[in-house]
Amino acid sequence: MSTLAALARLRAVHTGAAQRLATVRHCHLSERPMVLIPLRLAGEAAAPLAAMAGTDPARPRLLVVPQPRDRDLRFAFAAELAEILLPYIEGLQKATETVERRGAEPFERCVDAPQVIVPNRSAVAFVQLLGRSTRFRRAEGEYAVHPSVPVLGRWLTFLAQRAQYPGSASLLAATEAMSLHWATGQSALEDANLASLMGWIDPPPGMTGAEAAREAEDPLVWPPAGPATDPGFDSEVLAPAIRAYAETRSDRAAARVGEAVRSQLEPTWRLMWRAVGLLGALPAGPGVAARWEGDRASFTGFAAQLAEGGPPQPKRDGAVGAASRLARMERAQASYDAQRAYDDPLVMAGHRLTGEAFTGTVLAADPDHAEGEGRGRKLRPLLTVRTSDPVRLAAGTRLGTPERRGQQAEVVEITGGHVTLKIVKGMGRGRTASPGSVPEVGERVCYAALTDEYQPPASLPAPEDTPWTHGGPPPEHVPAVEEPDEEEWA
Amino acid sequence: MDRLDELRGPVPPRPHDARAIAALAANPGCARRAVLDAAGIDKDATATHLGFPAPFGQSPFAITRGNVFEALVKESGCAELLRLLREILGLPIPLASYTDLGDVGGNPSAHLRHSHTRRLLDRAARDGDDAGTLYDHPLLRLDIAGHTSYLEPDVVAFRLGGRFHIVEIKSFSVIDGQAEPDKVAAAARQAAVYVLALRDTLEELGHDPARVSHDVVLVCPENFANRPAATLVDVRRELAVLRRQLARMTRVGAIVDALEPGLTFDLVPDAGGAPTRPVADLREAVRGVGARYAPDCLSTCDLCFFCRDEAASEGSTDLLGRQVRDALGGVATVAEALGLADGSLIPDEGQEEIARLLRLADRMYAEVS
Ligand code: SF4
């Protein structure tokens, strides 16, 4: 954690109100996101108990499994969730745009993509498990399920894999999205509780954030945002209701379970939309659209895979796939960090504090400075910047700058509060620097040793980050003979 | 250790189960916890009486699921478990038998049951034959700061080729070879407690304690079915942590000696067991032993809400977690850190660096937000 973020937390404690950690929004926010709040039966790996879902805050859909241990009811739940999620996803596949590329075929990309927002990290993990437990199901044979179930499973898996990709906004955890933009006066551990996090950021009138956060810890006032339910609720309300249903299988008993879980879900539903509203009120950072383009391309590619009848995503990555995936993820993370810094002076300030970035005023500029002779002559404009930031950069370090994205400079030397650097890229190809490409004396500038060179393959179908068409098809899933039994969603 | 009894009051010491013992290692720097645990004080009751009941509860669904899975694994003389053990420990198929150590008859005391376990384990350790034997329901014993805790595991010990393995049955699922890391970690910590207790028992009997393997067998349901699968988990690290913490607890004497004479956490229960101690009085007593609150306490210690409240009223930076505290270079209070940041406080010696950083952060925050 940066000293800046730590200081923001201290200020939050002191003032009783959350503090901004960003001046712009760093995640894409869809015009029509789908909020999904899944609940799981305690003690079970992936037995759904209920879910609240929808794109309209005024019209949540409630799904209930009145007896979560009943396999048929669980798959009925999955089919019902498919009824909500699949039309949303399929509707977004219709409108496409043609993307031209240099040296390659143009391709079609959906103009929008699904965005599912869940309360927290555990809900993301649950989405992944739900995907895992449904994508291999079959619509015929002994353990037949509704044909929409395996399709749902693949989309849930797609979303969960995207969620691991730095900067993707296809599946967001509300607590993480909010924590990226606000610092509270409590620990990161407590921030994982959506109600208490929202208490700090948006307390009800007449309450400080600190007070609201404390109140939010009472499960009777604010039921947990799932997927785990409150143990007290389980024993006092849910267990008797499920037992009554198991005994009678009546509609009345099912409705009783439904009302019980509704009471747990509704407060979170409202919180989720408040979070969406607060995020929406922030102006989007410049890099957001480009990252969302990556999500759209990935979505387009996966939809095509599915349409072509590709196999379900494999259970595990191959070893080679996993290793190269890790490397790609690291680069993507570095790139995402850099983009946020270049988009947001408050994020950049964190890097200035560690000495990897600095701001200052141009003291001297030599825009015509060149290195080499004759044909080897290279234009290398020189700049001297005065700064009071604690710069910790070695000579030769590559720098980028938010003022002129695409430009690159190199540290020549640092003495006292003066940094001399030369511009090595992004000042035109002529004998002299193109107009405006070299900062003038007196200009405020910022340079940072953060590289944003990694371009996600925008044109290719990437279920997570991996373009399958490039990396070869994933290992075909060969179902084991006893699988239906073994795989029974018990 | 009558001073410890005095601290606890006229109630029997709370026996530690493996989970509680494993949790002892969670916040080793906390004197408050060390003293309360060493004295066998019921921290949950203490926290409740202080008005800060612990936020821990277990869902009846989770309990049922755990019991059902354990029953399944142990069905018909642990048939399923034996199959798994043969696989994972490479035992030839016919060689394995089952002994129920809980089968003592009547309603024996823990002491009797433990002696029975000892006797049979002793015999097994002397026995030269190589056949695998499963010992169900052993009752182990571990001494903690002078108090004996009996450990009643849902765990069994398996002997193969002269070596014993602890088997731990857990009902969280392993899906595609992965389980929730916190759950695996908690299971490993608990299993380490059993390994230690079993090693102590063998050692007392004059056998080599190293005959208890540090590889424990973790049995969990696999994927989405109830079918159990076994994995070997190396608990050497957990054992080392546990040993260190237990050694610390035997040294708790030094902390206890430094406590004010007459200090007690006695809840003064009435005839029905309800506490009658004035709350303010108890609060003073608890505050008499220094705590070291960290957000991790929220999942490991019954007193967490009390200690958090105390840390908040002191304006301690501990409240915000280790990461923040590290970023603040260990500055202890929010007021001090903010004072250094806005320059209203002169840094102490050794604080110059963090003060400079905080002032800079403060300036930047004002400049860009
Ligand atoms: S909650 Fe309090 S007593 Fe328990 S470990 Fe934390 S600081 Fe110590």
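## Chain B overall

A residue is termed buried when its relative accessible area is under 20%. By that criterion, buried residues account for 50% of the 369 residues of chain B. The model under discussion is predicted.

The secondary structure of chain B consists of 15 helices and eight strands. Its C-alpha trace extends over about 80 × 55 × 40 Å along the principal axes. Of the contacts in chain B with a separation of 6 or more, 65% join residues 24 or more positions apart.

## Extent of the interface with chain A

The size of an interface is often expressed as the accessible area lost when the parts come together. For chain B and chain A, this buried area is about 4400 Å², of which 65% lies on carbon and sulfur atoms. Three residues, B:Phe61, B:Phe224 and B:Tyr365, contribute 21% of the area that chain B buries against chain A, more than any other three residues. In terms of residues, the contact draws 48 from chain B and 58 from chain A.

## Polar and charged pairs

Seven salt bridges are found across the interface of chain B and chain A. A salt bridge also links A:Arg11 to B:Asp362, with the closest N and O atoms 2.7 Å apart.

## Elements on the chain B side

Five elements of chain B give two or more residues to the side that touches chain A: helix 5 (60–89), helix 12 (304–313), helix 13 (322–327), helix 14 (334–342) and helix 15 (352–368). Helix 15 of chain B provides the largest share, twelve residues. By residue class, the side of chain B that touches chain A comprises 26 nonpolar, twelve polar and ten charged residues.

## Helix 12 of chain B

Within helix 12 of chain B, the residues B:Cys304, B:Phe306, B:Cys307, B:Arg308, B:Glu310 and B:Ala311 are buried. Their cover comes from both chains: it includes helix 6 (188–191) and helix 8 (209–215) of chain A, along with helix 3 (31–38), helix 10 (279–287) and helix 11 (297–300) of chain B. Helix 12 of chain B is also among the elements that give two or more residues to the side touching chain A.

Just after helix 12 of chain B, B:Gly315 adopts a positive phi of about 65°.

Notes
Residues are numbered from 1 along each chain as its sequence is written. Chains are lettered from A and ligands numbered from 1 in the order in which they are written. This is a predicted model: local features need pLDDT of at least 70, side-chain atom pairs count only at pLDDT 80 or more; totals for chains, interfaces and linings use all residues. Side-chain values use heavy atoms; hydrogens and water are left out. Contact means heavy atoms within 4.5 Å. Buried area is the accessible area (1.4 Å probe) that two parts lose on being put together, summed over both. A salt bridge is a side-chain nitrogen of Lys or Arg within 4 Å of a carboxyl oxygen of Asp or Glu. Helices (H or I, at least four residues) and strands (E, at least two) are DSSP runs, numbered from the N terminus. Ala, Val, Leu, Ile, Met, Phe, Trp, Tyr, Cys and Pro count as nonpolar, Asp, Glu, Lys and Arg as charged, and the others, Gly among them, as polar. Buried means under 20% relative accessible area, exposed over 50%, partly exposed in between (1.4 Å probe, protein chains only).
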